[in-house]
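Here is a short report on one protein model. Please keep the sequence and the coordinates at hand while reading.

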Amino acid sequence: MSNAIENAGDIAGREFLAFTLGKEEYGIDILKVQEIRGYEAVTRIANAPEFIKGVINLRGIIIPVVDMRIKFNLGEPVYDQFTVVIILNINGRVVGMVVDSVSDVTTLMPEQVKPAPEMGTAFSTEYMIGLGTLDERMLILVDIDKLMSSPEMGLIDKLAA
């Protein structure tokens, strides 16, 4: 819990890309986002965990694509014109993340970031920076580096091998 508060100072005036998964709105550091693409068919990889949809060829680089809706049991994923893949650059590794939609980029000041309460959310609070409050909206701020490089995702270490 103390991490979230200690990190709050670090996010002064930082920009977050807001995206939706199910009924919740999340935010990730815009500096981790390389690009946003429409969803396209992926090539399945045998024996990959179910949440790894497969891989896509991004201008000659083969990148894994994670469907966050499957990873966090947010119901049956639907692929439509709003479904997007956020291309992330995590410690030099490029990873795609499928989300329901992206809405906007928001600048948050420290006073707009509250510590995340301990509660049953899709993301463990271990991967949350806190909650961003914007008028009527609340963004669940995700530490995308920590989440994507977590052992349960098995992405970054395996890719590095």
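## The sheet

Six strands form an open sheet in the order β8-β1-β2-β11-β10-β9, with mixed pairing. Its edge strands are β8 (101-108) and β9 (113-114), each of which pairs on one side only. Pairing here requires at least two DSSP bridges between two strands.

Strand β2 (residues 24-29) runs parallel to strand β11 (residues 137-142), and two bridges join them. Y26 has I140 as its bridge partner in β11.

## Model and confidence

The model is predicted; local features need pLDDT of at least 70, side-chain atom pairs count only at pLDDT 80 or more, and totals for chains, interfaces and linings use all residues. Residues are numbered from 1 along each chain as its sequence is written, and side-chain values use heavy atoms, with hydrogens and water left out.

pLDDT is the predictor's confidence in each residue, from 0 to 100. Its mean for the protein is 85, and 85% of the residues reach 70 or more. Over residues 1-6 pLDDT stays under 50. The model has seven contacts for this stretch beyond four places in sequence. A contact means heavy atoms within 4.5 Å. Where pLDDT is low, the predicted coordinates should not be read in detail.

## Overall make-up

The protein has four helices and 11 strands. These are DSSP runs, numbered from the N terminus: helices are H or I with at least four residues, strands are E with at least two. Of the 161 residues, 45% count as buried. Buried means under 20% relative accessible area, exposed means over 50%, and partly exposed is in between (1.4 Å probe, protein chains only).

Take the contacts between residues at least 6 apart in sequence: 55% of them join residues at least 24 apart.

## Rings and charges

Rings of Phe, Tyr and Trp (its six-membered ring) pair if their centres lie within 6.5 Å; planes under 30 degrees apart are stacked, over 60 edge-to-face, and the rest tilted. That rule gives two aromatic pairs. F19 and Y26 are stacked, because their ring centres are 5.7 Å apart and their planes lie at 20°. Both F19 and Y26 are buried.

K71 lies over the face of F51, at 4.6 Å from the ring centre. K71 also lies over the face of F72, at 6.0 Å. The criterion places NZ of Lys or CZ of Arg within 6 Å of the ring centre and within 35 degrees of the ring normal.

## Around I30

I30 sits in the loop between β2 and β3 (33-38). Its relative accessible area is 22%, so I30 is partly exposed. Beyond four places in sequence, I30 touches E15, F16, L17 and V105.
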